[in-house]
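Colleague: I have the sequence and the fold open on my screen. Can you walk me through a few spots?

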Amino acid sequence: MNLLPAQDLRDLGVELFQACGAPAAEAALVADHLVEASLMGIDSHGVVRYVMYVEHCLDGTIQPGAAARVVDGRGQVAVVDCGMNFGQVGAQHMTDLVREDARAGGIAFAVSLRCHHVGRLGAWPQKLAEAGLFGLSVANSHRHGHFVVPWGGREGRLATNPLAWAAPTGGDPLLLDMSTSMVPEGRIRTALHAGERLPEGRILSGDGRPTVDPADFYGPGEGPPAGAILPFGGDLGYRGFGLGLLVEVLGATIAGEPLAEPDDGRYINGFGILAIDPAALSGSGDRFRELTGELRDYVRGSAPAPGFDEVLMPGECEFRTLRERRREGIPLPGESRRLIAEVAEQVGVRVPW
């Protein structure tokens, strides 16, 4: 598997999105986000998404340049219409909004309408933590993305419905970014492209059988999926199912969004983001940062269990991978390179391989 420089992939993304009609600043924002996801090892939400985003620009699903605007809400809560622009553009607008509103009023929440794929969900509370705030975000998907079965069911009724939170520490923030399913769909696609099998207990085939073959999930071609994904938790999967329902409520239902009709093929994330200013509670953001740093050090000070070298905090592996890949490059499977080259050709862009 070739290692590609992050800067080359970033430049490619900017060129691709500008070729699709995105203003330069928006093209850079989206490319930076996807490259950072790949740098952190979140390959399912990284540069492999160039393919999907270009295709959705070409078919009109994404509307580059569309403005995000507040359309409802009062006080410290807002409903934001993201205009079907790139999801990162809408998510950045909402993150900026809750950051400033939380600084003014202690706490703020925003939820989206018409928001495309927001990418790596943890990026948004991470930005709040880097500003000294506590952040929590969720993202659901309309019915076309309902691959995850409810606890005790065999037909998809929820999306992979990730949630993420972050808190500042003085170093890398504490950052949990997790799917409420056993695996995100993008990771299944990454495994398919890499010719890899999945661990047991992640997915079902179209007839409801447990399987480790990504091709059984997608069926003929690559979609729509013929199989399903299990809720997080294995034999305690009712916990992941409950968290998935929480994401559904905070990402869409609370904004008055009904379930989309089954034939609505648009990719929409119901994105919700919460910011809390610790200074409103303890009088000092610095004190909060200091205490979360002490909490990190206390937890990491536990003696490792047999089979473990150390105790790792949420996000620690990703930040280590970020630094490593900045030095060495980003791995990109041959199939992913081929698919990116195909969409690049459609918009007249040359790839760097």
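Modeller: Gladly. This is a predicted model. Let us begin with T180, which sits in the loop between strand 7 and helix 6 (185–194).

Colleague: Is T180 buried or exposed?
Modeller: The cut-off for buried is under 20% relative accessible area. T180 has 3% relative accessibility, so T180 counts as buried.

Colleague: Which backbone oxygen does the side chain of T180 reach?
Modeller: Leaving aside residues up to four places away in sequence, T180 touches several residues, including T160, P162, F232 and V247. N161 is also one of those contacts. The side chain of T180 comes to 2.8 Å from a backbone oxygen, that of N161.

Colleague: Turn to the sheet. In what order do the 7 strands lie?
Modeller: The sheet is open, and its pairing is mixed. Neighbouring strands are turned by 20 degrees against each other on average, direction ignored. The order is 2-3-4-11-5-6-7.

Colleague: Which strands stand at the edges?
Modeller: An edge strand here has a single partner strand, so one side is left without a neighbour in the sheet. That describes strand 2 (69–72) and strand 7 (174–178).

Colleague: Which residue in the turn between strand 2 and strand 3 has a positive phi?
Modeller: Strand 2 and strand 3 run antiparallel, joined by 3 bridges. R69 stands opposite D81 in strand 3. The two strands form a hairpin with 4 residues between them. The positive phi, about 110 degrees, belongs to G73.

Colleague: What stands opposite V80 in strand 4?
Modeller: Strand 3 (residues 77–81) and strand 4 (residues 107–113) run parallel. They are joined by 5 bridges. Opposite V80 is S112.

Colleague: At what angle does helix 4 run to strand 4?
Modeller: Helix 4 lies across strand 2, strand 3, strand 4 and strand 11 (269–276). Its angle to strand 4 is about 160 degrees.

Colleague: Now helix 2. How far apart are its end C-alpha atoms?
Modeller: Helix 2 covers residues 24–39, which is 16 residues.

Colleague: Which strand do the buried residues of helix 2 pack against?
Modeller: Among the buried residues of helix 2 are V30, L34 and A37. The buried residues pack against several helices, including helix 1 (6–19) and helix 4 (87–105). The strand they pack against is strand 12 (330–331).

Colleague: Which residue just after helix 2 takes a positive phi?
Modeller: The phi there is about 85 degrees. The residue is G41.

Technical notes: Residues are numbered from 1 along each chain as its sequence is written. This is a predicted model: local features need pLDDT of at least 70, side-chain atom pairs count only at pLDDT 80 or more; totals for chains, interfaces and linings use all residues. Side-chain values use heavy atoms; hydrogens and water are left out. The expected span of a helix is 1.5 Å times one less than its number of residues. Buried means under 20% relative accessible area, exposed over 50%, partly exposed in between (1.4 Å probe, protein chains only). Contact means heavy atoms within 4.5 Å. Two strands pair if DSSP finds at least two bridges between them. Axes are lines fitted to C-alpha atoms, for helices over the stretch in contact, and angles run from 0 to 180 degrees between N-to-C directions. A polar contact is a pair of N or O atoms within 3.5 Å; within protein, one must be able to donate a hydrogen and the other to accept it, and residues adjacent in sequence count only if both atoms are side-chain atoms.
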